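Colleague: I am new to this structure and should like to understand the terms used for it. Please set each value against its definition.

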Amino acid sequence: MDVVYLILMIVIIFFDRKKVKFGFSKQSVLAIKGFGTLLILFHHLSQRNYGHIFNNFGYLGVSLFFFVSGYGLYQSYINQNDYWKKIIFKKIPKLLQYMSVTVVISIVVFTLLGYPVSLKEVLISVSGNRLLNWYFLALIIKYIIFVISIIASKGNDKLVLFYTIIFIFLYIVVLKAMGADTFWYQSSISFVYGIYISMFIDNSRVMEHRSTILKFNAIFFVLFFIIINYTTVFISISFLQIVITYLLNIIICNIAFVYFSSYTSVSILNNIGEKSAEIILMQEIALFTFRNKHIYLYNDFIWVICSVLLLVFLAFILNKIIEKIN
C-alpha cells in the first residue's frame, strides 16, 4: 500500500499545482499544512498495514507543522503589538477547545464501538492516547516557549530566536531525561528553524536559486533517509542517528518552503491544509472504526477507502461543532 500512497502523493503535488510569482504566502502555508497532513495520515495508515516507506515519515510531517508555526508566530509578532497576548488569550484557548471537543467525540465513538473509556484515560488524554493526539499539547508548549522568549527578549527581536533555542533545548533535554518517546521532541528543531527562516531568509533570493536549492536538498534527503532507515551502518551510533534525524527535519522544511514558494496547490492541498487540525484529531477514531474486534476489514484497499471517507465526515463534524461553539 505504501507504493499507492507514494504515487498518490506525487500526483497531488505535481498535478494539483499552479506557479506563483509572489513567493511564500498564506497559500504556501496551507499547502505545506496539507502536505504535512498527508504525510501524517499515510504514516498512520502505513503503520497499520506494515508499510516500509511512510512508516518512517510521521515525524517529518509533524516537522512541517512546527516549521510553519515558528515562521507564522514570528511574522505575526513583528507585525502586531503585544502579539504574545493573542497567543495566550486566543490561540491557546482555541487549541484547548479543539482538544476538549475531540475528547468528547472520542469517548462517544469508542463507547459505541464497545470500547469504554476510563476516567484515567480522559485525565491523561492531554499527553496523547487513543482519545487525543499528542501533537496539540506539544504545540501549546511551543507557544508558551515563544511567549516566554518574547517577554525575556524585552523588545529585542533578535533575542527572541536566542531564547527560543535555549528553551527548546531545555525542553528536549527534560523530555529525554524523563524517558519520553522520541516523537515528543525529534521534530522540535523545525519550530526554531521556522523562526530563523522568518527572521533572516530573503524570499526573493530563494526564488532566484530555487532549482539549485531543491535539487541539493532532495539529493541529501534521499541519501540521509536511506541511511537512517534502510542501512545498519549507523544504527548503533545514537549520536549520528540524532544528527541525521535533525538534518532530515531541516531538509524537508527547506524543500517544502522553496517548492511551495514557487508553486501552490490549486485545491487539494489547500483544502486539506484548511482542515488539517480536524483531520489529525479525527484520525485515530477513523482508522480504528473499521479494524477492531467487532468490525475488521481485512482488505487493505477497502479499509483505507472506508477509513478516509469516515475521516472526512468526522473532520467535517468537528469543524461544524467548533463553529457552533464560537
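This is a predicted model: local features need pLDDT of at least 70, side-chain atom pairs count only at pLDDT 80 or more; totals for chains, interfaces and linings use all residues.

Colleague: How do you know that the radius of gyration agrees with that of a compact globule?

Modeller: The radius is taken over C-alpha atoms, and the globule rule is 2.2 Å times the number of residues to the power 0.38. For 326 residues a compact globule would have a value near 20 Å; the protein has 20 Å, so the two agree.

Colleague: What makes up the secondary structure, in helices and strands?

Modeller: The protein has 14 helices and two strands. These are DSSP runs numbered from the N terminus: H or I over at least four residues for helices, E over at least two for strands.

Colleague: How do you know that the span of α13 agrees with its 14 residues?

Modeller: The expected span is 1.5 Å times one less than the number of residues. For residues 276–289 this gives 20 Å, and the end C-alpha atoms are 20 Å apart, so the values agree.

Colleague: Why is α13 called mostly covered?

Modeller: Buried means under 20% relative accessible area, exposed over 50%, and partly exposed in between, with a 1.4 Å probe and protein chains only. Twelve of the 14 residues of α13 are buried, including I279, M282 and F288.

Colleague: Why is E284 called partly exposed?

Modeller: Its relative accessibility is 29%, so E284 counts as partly exposed.

Colleague: What makes R48 and E284 a salt bridge?

Modeller: The term requires a side-chain nitrogen of Lys or Arg within 4 Å of a carboxyl oxygen of Asp or Glu. The closest N and O atoms of R48 and E284 are 3.0 Å apart, and the pair forms a salt bridge. R48 lies in helix α2 and E284 in helix α13, so the pair ties together parts that are 236 residues apart in sequence.

Colleague: How many salt bridges does this rule give?

Modeller: The count comes to five. Among them is K320 with E323, whose closest N and O atoms are 3.5 Å apart. Both lie in helix α14, three residues apart, and are separated by about one helical turn.

Technical notes: Residues are numbered from 1 along each chain as its sequence is written. Side-chain values use heavy atoms; hydrogens and water are left out.
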